[in-house]
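This briefing is intended for a reader meeting the structure for the first time. Please keep the sequence and the 3D view at hand while reading the points below.

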Amino acid sequence: MMRIQTRIEEAAVTLLVAGTLNTMGVADFDRALDEARRLHRPVVVDLSKVRLIDRPTLKYLIDLMEHDVTLVICPNYVEHWIYRESARESIE
């Protein structure tokens, strides 16, 4: 189960994601992301409360990070995994 909490501040919109972030939750995340983008502020994602993430969703997040979303807080295992997947994709 995944929950998304949106925090709107002057400098940015933060999406705090908690629980399991997988392909089943991407549609909900996309809706929250679209709403955040409509506010015309930088969008940041906080994954500090994520307990589990699957590989396709991680690749989706990497793609978002390459465009317009900033990852501000995430568990160490996710950060290392993002680094490994990004390095792998740059080699291919």
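In this predicted model, Thr57 has a relative accessibility of 1% and therefore counts as buried. Thr57 belongs to helix α2. Its contacts beyond four places in sequence are with Leu21, Asn22, Thr23 and Val26.

**Packing of α1 and α2**

- Two packed helices are described by the angle between their axes and the distance between the axes.
- Helix α1 spans residues 26–37 and helix α2 spans residues 55–67; their axes come within 12 Å and cross at roughly 15 degrees.
- Because angles under 35 degrees count as roughly parallel, α1 is described as roughly parallel to α2.
- The crossing of these two helices, α1 and α2, is right-handed.
- On the α1 side, Val26, Phe29, Asp30, Leu33 and Arg37 take part, and they meet Thr57, Tyr60, Leu61 and Leu64 of α2.
- The residues of this contact comprise 6 nonpolar, 1 polar and 2 charged.

**The largest nonpolar core**

- In soluble globular proteins, nonpolar side chains tend to be buried together.
- The largest nonpolar core holds 25 residues, and those touching the most other members are Val17, Leu21, Phe29, Leu33, Leu47, Ile53 and Leu61.
- Two or more residues of this core come from each of β2, α1, β3 (43–53), α2 and α3 (76–91).
- Leu47, when residues up to four places away in sequence are not counted, touches Val17, Leu21, Leu61, Leu71, Ile73, Cys74, Pro75 and Val78.

**Trp81 in helix α3**

- Trp81 is placed in helix α3.
- The relative accessibility of Trp81 is 17%, so this residue counts as buried, the cut-off being under 20%.
- Leaving aside neighbours within four places in sequence, Trp81 is in contact with Ile53, Asp54, Arg55 and Leu58.
- Between Trp81 and Met65 there are 16 residues of separation in sequence and 14 Å in space, taken from C-alpha to C-alpha.

**Thr14 in strand β2**

- Strand β2 covers residues 13–21, and Thr14 lies within this strand.
- Thr14 has 5% relative accessibility and is therefore counted as buried.
- With neighbours within four places in sequence set aside, the contacts of Thr14 are Gln5, Thr6, Arg7, Val44 and Asp46.

Key: Residues are numbered from 1 along each chain as its sequence is written. This is a predicted model: local features need pLDDT of at least 70, side-chain atom pairs count only at pLDDT 80 or more; totals for chains, interfaces and linings use all residues. Side-chain values use heavy atoms; hydrogens and water are left out. Helices (H or I, at least four residues) and strands (E, at least two) are DSSP runs, numbered from the N terminus. Buried means under 20% relative accessible area, exposed over 50%, partly exposed in between (1.4 Å probe, protein chains only). Contact means heavy atoms within 4.5 Å. Axes are lines fitted to C-alpha atoms, for helices over the stretch in contact, and angles run from 0 to 180 degrees between N-to-C directions. Angles under 35 degrees count as roughly parallel, over 145 as roughly antiparallel, 65 to 115 as roughly perpendicular and the rest as oblique. A crossing is left-handed if the near helix is turned anticlockwise from the far one by less than a right angle, and right-handed if clockwise. Ala, Val, Leu, Ile, Met, Phe, Trp, Tyr, Cys and Pro count as nonpolar, Asp, Glu, Lys and Arg as charged, and the others, Gly among them, as polar. A nonpolar core is a set of buried Ala, Val, Leu, Ile, Met, Phe, Trp, Tyr and Cys residues joined through side-chain atoms within 4.5 Å.
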